[in-house]
There are 2 protein chains.
Amino acid sequence: MAGGLRVAVGGATGNVGSEMLRVLEGRSFPAADVIPLASAASAGQRLPFRGSELEVCDLAAFDFRGTDLLLLSTGAANARETAPRAAAAGCIVIDNSSAFRMEPDMPLVVPEVNPDALAGWATRRILPVANCSTIQLVMALKPLHDAAGLKRVIVSTYQSASGGGRRLMERLLSPYDPVTVDMHGLLREARAALERGGEKPLPFNVVPHIDVFLEDGRTKEEWKMEAETRKILGLPELPVSATCARVPVLVGHAEAVTVELERPLSAEAARELLGTAPGVRVVDERRPGGYATPIEVAGTDDVFVSRIRQDRTFPHGLALWIVADNIRKGAALNAVQIAEALLLSGDVFRGNTGA
Amino acid sequence: MAGGLRVAVGGATGNVGSEMLRVLEGRSFPAADVIPLASAASAGQRLPFRGSELEVCDLAAFDFRGTDLLLLSTGAANARETAPRAAAAGCIVIDNSSAFRMEPDMPLVVPEVNPDALAGWATRRILPVANCSTIQLVMALKPLHDAAGLKRVIVSTYQSASGGGRRLMERLLSPYDPVTVDMHGLLREARAALERGGEKPLPFNVVPHIDVFLEDGRTKEEWKMEAETRKILGLPELPVSATCARVPVLVGHAEAVTVELERPLSAEAARELLGTAPGVRVVDERRPGGYATPIEVAGTDDVFVSRIRQDRTFPHGLALWIVADNIRKGAALNAVQIAEALLLSGDVFRGNTGA
């Protein structure tokens, strides 16, 4: 590790990859070399970094020998090929896709929530990053579980377009630019597009469908939230159910969460607990504006918790509103935090530069 | 009733009032005279109706003697003054505001759900219309309750700007017209506005706050959904909890609903039951696009139910996605349907024209 780490960022031109570069820039992460990797089509492109520029290399052709860390944010299909290849070359891989999250011998870590799970890194050298919606959920659930025991979790998401990539963000903006918005025209166009068998529009709409449908009627996004939450919290039997919807928001996911607890916990006590939890910020003033919304949290690191109140449908129930930047804490930041935790945990990076 | 009814529409220039005029036009409602009423500022304005034009009269100065029916859609404060005045003049009032919904001697009727409650109309001659979000919820809950017994209901709403009135719709559209949209500019402006203590923006945002805050941390919108659902279903002890959020959608409210039932009911059985329920349309194909979204249901009468699936957090749980036009079934249409049900129920309108 002399002189710092050699760090590759896979998928560096995407939403999450470019945020990973910004997170590396903004934190004192000991990266001596940073190599952005992307598709062959993007190779040669230059990206700004720490006042200078980095040249994008071809991910498919990249030789990972001598690279300590790969922060990977391509799709799951690419990750299934790239991550094992990099790990075999001696690299530690932190992968943002869904490819490996449920592998029993790969720790799924949110550093503030289950840092002890990190110890399992060495078996496969691949550390998956949880789903963006899951990360912000477990950040708020953990302190409640420690205090009063989670019995049941029901969550509805309000997910922004950024989670679906740059193209979805562009599609959200496209109807407004540069033409004048005409509501009836928009509705007419949307219906006409649907009648032609087109995709459901996102502008001025809500789409209850993220990722593919499973046989039982859930979407894979909903299944991810349920399965990953159980894995991260180490509660394999915890009943969790999710409804995941895309809303016409650019950045920032929101979640309406109802929990049943084993033991009583007042809204006031929950507010205090969450207020001292690392990485969590409570904004909960029970007055107009006294709560967090996606547009305000975009670009920030914390998970914001608002609208903390007693839920009356359970003997010991609480309701919460959770908002976070899905690209930062939901992805890029969490990946870098995992690497930082590995660094702190001792002699993980074997200084294989030049090996 | 000879020659049809004399019908006044209060708040006729608003979102719901103007939709009431369109609903009266589109259905074979026996209105001989239709009188649009609004504030003094709007008096004299002419509104199109059945190929002709109607002149708006001043609501505050209007003499309700001789008017059979008032379809009222002003705010709650105005309704508390206007509705009793009209009722005292012999008029039957169907009021869309929240002013009277929880009055024990005023029936809160969704005609497909609890038509028997209509019988109580004569005591006060004021029939409140339930909250838009409540109406679409109970339309889907009733068939499930009849089949398997509701034990618990948890709902998260995705409510459109139209429920907040014309001005909120204009505020949602304003950033895009006529300037070119710039995402970073929008975020910067939104933050600057917030720092100046401004309201949370709705464009590209989600706001978990509708109506005023109550002491226990719920909003009044959330309380309304809980209390009104119990009243309409006739289940005063039913545990219901709601999180109500405004999303940047123009028309159409969506709801993610989780129910616990007393007895088992498969998703397939629920789909069949809902498919035959009056006023409910099931769109649930478990494939991309095989579900309803707000933009498609705008302007239609039905309550759409999608994403019907087993919920695993309860022994007998179901999850649903409910979407409806909040201005039509959620307000204007439901009001006219209440009047139609009164007409069918016998000699309610005493033909007081000229009385």
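Two strands pair if DSSP finds at least two bridges between them. Strands (E, at least two residues) and helices (H or I, at least four) are DSSP runs, numbered from the N terminus. On those terms, chain A has an open sheet of 6 strands in the order 5-2-1-6-7-8, with parallel pairing. The model is predicted: local features need pLDDT of at least 70 and side-chain atom pairs count only at pLDDT 80 or more, while totals for chains, interfaces and linings use all residues. Residues are numbered from 1 along each chain as its sequence is written, and chains are lettered from A and ligands numbered from 1 in the order in which they are written.

**Domains of chain A**

- Domain 1 covers 5-129 + 332-344 and domain 2 covers 133-160 + 206-324; such bounds come from an automatic or database domain assignment.
- The C-alpha centres of domain 1 and domain 2 of chain A are 26 Å apart.
- Domain 1 of chain A gives 10 residues to the contact and domain 2 of chain A gives 13, where contact means C-beta atoms, placed from the backbone, within 7 Å.

**The parallel sheet, chain A**

- Strand 5 (57-58) and strand 8 (126-128) are the edge strands, each pairing on one side only.
- Strand 5 of chain A runs parallel to strand 2 (31-38) and is joined to it by 2 bridges; A:A38 stands opposite A:D58.
- Helix 1 (15-26) packs on this sheet, touching strand 1 (5-10), strand 2 and strand 6 (69-72), and its direction makes about 155° with that of strand 1. Axes are lines fitted to C-alpha atoms, for helices over the stretch in contact, and angles run from 0 to 180 degrees between N-to-C directions.
- Helix 2 (76-88) touches strands 1, 6, 7 (92-95) and 8 of chain A, at about 155° to strand 7.

**The mixed sheet, chain A**

- Another open sheet has 6 strands in the order 10-9-11-14-13-12, with mixed pairing.
- Its edge strands are strand 10 (240-246) and strand 12 (280-282).
- Strand 12 and strand 13 (303-311) of chain A run parallel and share 3 bridges, with A:V280 opposite A:V303.
- Helix 7 (220-233) of chain A packs on this sheet, touching strand 9 and strand 10, and its direction makes about 140° with that of strand 10.

**Contact between chains A and B**

- Chain A and chain B each give 61 residues to the contact.
- Strand 13 of chain B supplies the largest share of its side, 6 residues.

Terms used. Contact = placed C-beta atoms within 7 Å.
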